[in-house]
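Biologist: Could you take a close look at the aromatic pairs in this model, and then follow one of them into the strands around it?

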Amino acid sequence: MEMKVFKFGVAALMLGILSAACQSFKSDEGSNATSSTIRKWETTFDRSALLEPVTIEVEEDVAEESLPVINIQKEEVFQEMDGFGFTLNGGSAMLIMTQLSEEKRSALLEELFSRNENAIGINFLRLSIGASDLDEKVFSYADMPDGQADPELKNFSLAYDTLYLVPLLQKILQINPDLKIMGSPWSPPTWMKTNNSAIGGKLDPAYYASYAQYFVKYVQAMNGQGIPIYAITLQNEPEHPGNNPSMAMTPEEQAEFVKAHLGPAFQEAGIETKILVFDHNCDHPEYPITVLNDKDAYPFIDGSAFHMYAGDITAMSQVKEAHPEKNIYFTEQWTSSKGDFAGDLEWHIQNLIIGASRNWAKTVLEWNLAADPEQKPFTPDGGCSMCLGALTIGDDTVARNVSYYIIAHASKFVPSGSKRIESTYHDTLPNVAFLTPEGSLVMVVLNNKANKQQFIMQLGDERKTVMISARSVATFVW
């Protein structure tokens, strides 16, 4: 997790679930009254409403011709969504498994991952392959004593992850068997690196083949625990080798590793897990483009992953335009314990839930799912000491923070398999729309103005006048 300061902070938001029939788009209010009803959930910047269902309100004396129109075209379809969620790092898993009673843990997991009416339906998780900087210690699955190596990976083991992460994932998958899971490494085993350290360094070319087998064994071992790995990225933040753990990796090195080692290794082992490149900031779209330009690496790669601690979210569209057959994923953004709920909510909804989705992201993932009241655990000498979890887990207590609501405003209503569809973008009403597999229409709208705003949602010839509260985010479902 690269710690850079945002102008607006980091935001988040939560939602409920619904699948309202979309046989017609008709008003049930005023002179437009017809059959189907639009439902709305709001979170306000001042927290007076937190993913609350709200009655649609219309002021009868407002002339329709003066209102902005968001025209929704469900026939104009963009990417299919894999999901919205978080990174379930080792520290999050440890807290949920050790600090909550079985009753409270079960209730929390139902709330987070089920599709029932009172849940938020998280449908995508990112894991660290080995330790991230939000684990209680640094480890890999093939650690060796100093000065020793294990190129054949005879000592490979998920042992530490079986304490907390694996049993927690097994419980989650019982609730949502369709959950998609991505794995990202922060560092290979230190004996594979040029500096023999968890921090920084490079992957020694002598161990490229061993590292490819490390990924193979990881996917196979997790599958053996009943945990299918949908996708992997090659390296978390390959341009930021300052975390503990971390590693630097150039685009040329990623291309070489994929084409000569990882791609063939997955192919030989019959592994269909998707391979994603980059997994870093939007300021360098040339990085994933360079990897994808390698004609021999290209066939093995599903797409590119992004964070946004630097750059502009539209960089993802630059990569999509350069390689339209390849997918785009947004995989990480943090919220700070020193941040501001209003600023974080606004920034994250506008740039990620709306912005990333409108720039081809199949996933939108916030950073850590949980931390304790002191933002622990984190690794020494390079772990993130200010990363605010979506949840703060205490002694059998759970508090919900801004990123919980950010993700919930989408995850509760937009299941995997939904498709982003065209909707008119207004600077005063940023928005994004989706069509669910069940045929419901979902639209997330942001109002960062000091006054409530009325606007018209239009589908074909049918129109609906709705309102969004001042300084709030709303999800509309119909």
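Modeller: What follows starts with the ring pairs and then moves to the strands and to a helix. The model is a predicted one, and every value below is computed from it.

A pair of aromatic rings is described by the distance of the centres and the angle of the planes. With centres required to lie within 6.5 Å, the count comes to 23 aromatic pairs. One of them joins Phe84 and Phe434, whose ring centres are 6.1 Å apart and whose planes stand at 85°; because an angle over 60 degrees counts as edge-to-face, the pair falls in that class. This pair links distant parts of the chain, since Phe84 belongs to strand β4 (residues 83-87) and Phe434 to strand β16 (residues 431-435), with 350 residues separating them. Both Phe84 and Phe434 are buried.

A second pair, Tyr141 with Tyr214, is stacked, with 6.0 Å from centre to centre and 25° between the planes. Tyr141 lies in the loop between β5 (124-129) and α3 (165-175), whereas Tyr214 is in helix α4 (residues 208-224), so this contact ties together parts that are 73 residues apart in sequence.

Strands β16 and β17 (residues 441-447) pair in the antiparallel sense over 5 bridges, and the bridge partner of Phe434 in β17 is Val442. The hairpin of β16 and β17 has 5 residues between the strands, and there Gly439 takes a positive phi near 100°. In a regular strand the side chains alternate between the two faces of the sheet. For β17 both faces are covered, with Leu441, Met443, Val445 and Asn447 buried on one side and Val442, Val444 and Leu446 buried on the other. Strand β17 also pairs with β20 (residues 472-477), again in the antiparallel sense, over 6 bridges, and in β20 the bridge partner of Leu446 is Val473.

Strand β9 (residues 303-311) gives another view of burial: 8 of its 9 residues are buried, so β9 is largely enclosed by the rest of the structure. Its pairing with strand β8 (residues 274-282) is parallel and extends over 6 bridges, with Gly303 in β9 as the bridge partner of Leu276.

Helix α2 (residues 102-113) has a span that can be checked: at 1.5 Å a residue its 12 residues should span 16 Å, and its end C-alpha atoms are 16 Å apart, which agrees. Its buried residues are Arg105, Leu108, Leu109, Glu111, Leu112 and Phe113. Seen down the axis of α2, these fall within an arc of 165°, so they line one face of the helix. Among the elements that cover the buried residues of α2 are α1 (90-98), β5, α3 and α9 (402-411).

Key
Residues numbered from 1 in each chain as written. Predicted model: local features only at pLDDT ≥ 70, side-chain atom pairs only at ≥ 80, totals over all residues. Heavy atoms only, no water. Phe/Tyr/Trp six-rings, centres within 6.5 Å; stacked < 30°, edge-to-face > 60°. Helix = DSSP H or I, 4+ residues; strand = E, 2+ residues; numbered from the N terminus. Buried < 20%, exposed > 50% of the residue type's maximum accessible area, 1.4 Å probe, protein only. Expected span 1.5 Å × (residues − 1). Arc of directions from axis to C-beta. Contact = heavy atoms within 4.5 Å. Pairing = 2+ DSSP bridges.
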